[in-house]
Structure formats: C-alpha cells, structure tokens
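Here are my notes on this model, as numbered points. Please read them with the structure open.

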Amino acid sequence: MRDAVRPHRDFYVIKVHDWEGSFFAIPGGHTEKLWRGFFVDPSHWWDHRPEKTNERYPDFKHKKTGEALWIEDRRNLAWVAAEMAAM
C-alpha cells in the first residue's frame, strides 16, 4: 500500500508498507508516476489535445491536482510512447 510521496533531490521516493507494516522506499521519477496513474484511469485527466494551440500547454491535466503531462516531454520513458500508440 502506497503511503506518501515526498521529494528527494532530483527524484521522488515512494514510501510503501510491506506485509509486516514497516516502510521501505522505491525510487521513481515523478513524471513516471503521473503517467502510470494516467494509464490506470485516463478518466481522471482532461485531454487537451483537440483544442491545443500552444505546445507549452499540457496534453493532459489531472482533474483534481492540476498536474500536467506532455506527450513530447524529454523526461518521458520509452514505454509512454508505446502505451500512447496503443490507445
């Protein structure tokens, strides 16, 4: 069960409970975490691609947190492009 995400220099550490109730940390990029959340349930994200007129405007924006994702972001991992192609 994920408990919290906190910044740690240039990556994020996700605190996770193990089966005994203690914590251990999994390093992971914040952008990767957002993309994983997007692919789990895209209905939680606004899709701005149809009306996008400026490349600085995000392709997707989270409905509650306002966090943004760009398809052409240099921080994206290769699997993001593959998942987008499959949609």
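1. E32 is partly exposed, with a relative accessible area of 24%. The classes are these: buried is under 20% relative accessible area, exposed is over 50%, and partly exposed lies in between (1.4 Å probe, protein chains only). E32 forms a salt bridge with R36, and their closest N and O atoms are 2.7 Å apart. A salt bridge here is a side-chain nitrogen of Lys or Arg within 4 Å of a carboxyl oxygen of Asp or Glu. R36 counts as partly exposed, at 45% relative accessibility.

2. A word on the ground rules. This is a predicted model, in which local features need pLDDT of at least 70 and side-chain atom pairs count only at pLDDT 80 or more, while totals for chains, interfaces and linings use all residues. Residues are numbered from 1 along each chain as its sequence is written, and side-chain values use heavy atoms, with hydrogens and water left out.

3. Now the overall layout. The protein has 2 helices and 6 strands. Helices (H or I, at least four residues) and strands (E, at least two) are DSSP runs, numbered from the N terminus. Along the sequence the pattern reads β-β-β-α-β-β-β-α. Of the 87 residues, 22% count as buried. The accessible surface comes to about 6,600 Å², and 54% of that belongs to carbon and sulfur atoms. These areas come from the Shrake-Rupley method with a 1.4 Å probe; for residues, only the protein chains shown count as cover.

4. Contacts next. Contact means heavy atoms within 4.5 Å. Take the contacts with a separation of 6 or more: residues 24 or more positions apart account for 26% of them.

5. What makes up the largest nonpolar core? The set is L34, W35, F38, W45, F60, L69, V80 and M84, 8 residues in all. Such a core is a set of buried Ala, Val, Leu, Ile, Met, Phe, Trp, Tyr and Cys residues joined through side-chain atoms within 4.5 Å. Both α1 (30–40) and α2 (78–86) supply at least two residues of this core. α1 gives the most, with 3 residues.

6. Look at the buried side of α1. T31, L34, W35 and F38 are buried in this helix. They cover an arc of only 100° around the axis, so they sit on the same side of α1. The arc is that of the directions from the helix axis to the C-beta atoms. The buried residues of α1 pack against β4, β5, β6 and α2.

7. T31 is found in helix α1 and counts as buried at 15% relative accessibility. Leaving aside neighbours within four places in sequence, T31 is in contact with L69, R75 and N76.

8. The sheet is open and has 3 strands, in the order β4-β5-β6, with antiparallel pairing. Two strands pair if DSSP finds at least two bridges between them. β4 (45–47) and β6 (68–69) are the edge strands, each pairing on one side only. Strand β5 (residues 60–62) is joined to β6 by 2 bridges. F60 has L69 as its bridge partner in β6.

9. Compare two tryptophans. W45 belongs to the largest nonpolar core. Apart from neighbours within four places in sequence, W45 contacts L34, G37, F38, F60, K61, H62, K63, E67 and L69. W46 lies in strand β4 and counts as partly exposed, at 47% relative accessibility. Not counting residues up to four places away in sequence, W46 touches D59, F60, K61, H62 and K63. W46 and K61 are 15 residues apart in sequence, yet 5.1 Å apart in space, C-alpha to C-alpha.

10. Back to charge pairs. Side chains of opposite charge can pair when their charged atoms come close. How many salt bridges are there by this rule? The count comes to 4. One of them links R49 with D47, with the closest N and O atoms 2.7 Å apart. R49 is partly exposed at 38%, and D47 is partly exposed at 32%. Another joins the side chains of D73 and R75 (2.7 Å, N to O). D73 is buried, with a relative accessible area of 16%, whereas R75 is partly exposed at 49%.
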